[in-house]
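Please look through the sequence and the structure shown below before reading on. The paragraphs after it walk through a few local features in turn.

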Amino acid sequence: MPALAHDDNVQLLLSSEEVLKSFSTSTQELRVSFAASQIKCGACAWKIESYLQNKAQYLSWTIDIPQSTLSVTMSHWTDAARLVKDLSRLGFDAVPIRTDAESTLLHAKEFQAELLRLVVAG
């Protein structure tokens with residue numbers, strides 16, 4: 001159920017062109033960065049890249065495994081909503097982010113949550 005709520009919230013966010021464009025790091029093209037905490041290894045990156053390579057609407061991308069982020073240049077703003085939905089099907093909950101600072105904050109919060117789980121399990 002939590003993944004469904006996540007998907008609904010992100011889809012609502014991405015349904016507005018103006019909101020999505022506010023996440024773009026370029027005024028010339030639509031380049032959006034996403035935080036996806038499930039990106040933890042080369043296999044995760046390979047899985048995402050394999051998906052993106054088969055889609056013409058995603059012009060270029062970079063995956064930062066240590067930061068668990070994905071930056072994608074798209075041909076149209078509506079492609080972002082499709083990307084989030086498809087990444088969710090692949091097992092990655094992607095959330096658009098505006099800056100590296102937001103990504104670092106998200107990563108730190110997730111690290112704290114995982115550390116707490118480890119302490120409780122121990």
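The model is a predicted one, and a search of the whole structure finds two salt bridges. In one of them the side chains of Arg82 and Asp86 meet, with a distance of 3.4 Å from N to O. These two residues both belong to helix H4, which spans residues 78–90, and because they are four residues apart in that helix, about one helical turn separates them.

Arg89 counts as exposed, at 62% relative accessibility. Through salt bridges that share partners, Arg82, Asp86 and Arg89 are joined into one network.

Helix H4 also packs against another helix, H3, which covers residues 42–53; the angle between the two is about 135 degrees, and their axes are 11 Å apart. An angle over 145 degrees would count as roughly antiparallel, and one of 65 to 115 degrees as roughly perpendicular, and H3 and H4 are therefore oblique to each other. The crossing in which H3 passes H4 is right-handed.

Which residues of H3 meet which residues of H4? From H3 come Lys47, Ile48, Tyr51 and Leu52, and from H4 come Arg82, Leu83, Asp86, Leu87 and Leu90. By residue class, the contact of H3 with H4 divides into six nonpolar residues, no polar ones and three charged ones.

A separate feature is found at Ser68, which lies in the loop between strand E2 (58–64) and strand E3 (69–74). Phi of Ser68 is near 55 degrees, which is a positive value in a residue other than glycine. Is Ser68 buried or exposed? Its relative accessible area is 6%, and because buried means under 20%, Ser68 is buried.

Conventions:
Residues are numbered from 1 along each chain as its sequence is written. This is a predicted model: local features need pLDDT of at least 70, side-chain atom pairs count only at pLDDT 80 or more; totals for chains, interfaces and linings use all residues. Side-chain values use heavy atoms; hydrogens and water are left out. A salt bridge is a side-chain nitrogen of Lys or Arg within 4 Å of a carboxyl oxygen of Asp or Glu. Buried means under 20% relative accessible area, exposed over 50%, partly exposed in between (1.4 Å probe, protein chains only). Axes are lines fitted to C-alpha atoms, for helices over the stretch in contact, and angles run from 0 to 180 degrees between N-to-C directions. Angles under 35 degrees count as roughly parallel, over 145 as roughly antiparallel, 65 to 115 as roughly perpendicular and the rest as oblique. A crossing is left-handed if the near helix is turned anticlockwise from the far one by less than a right angle, and right-handed if clockwise. Contact means heavy atoms within 4.5 Å. Ala, Val, Leu, Ile, Met, Phe, Trp, Tyr, Cys and Pro count as nonpolar, Asp, Glu, Lys and Arg as charged, and the others, Gly among them, as polar.
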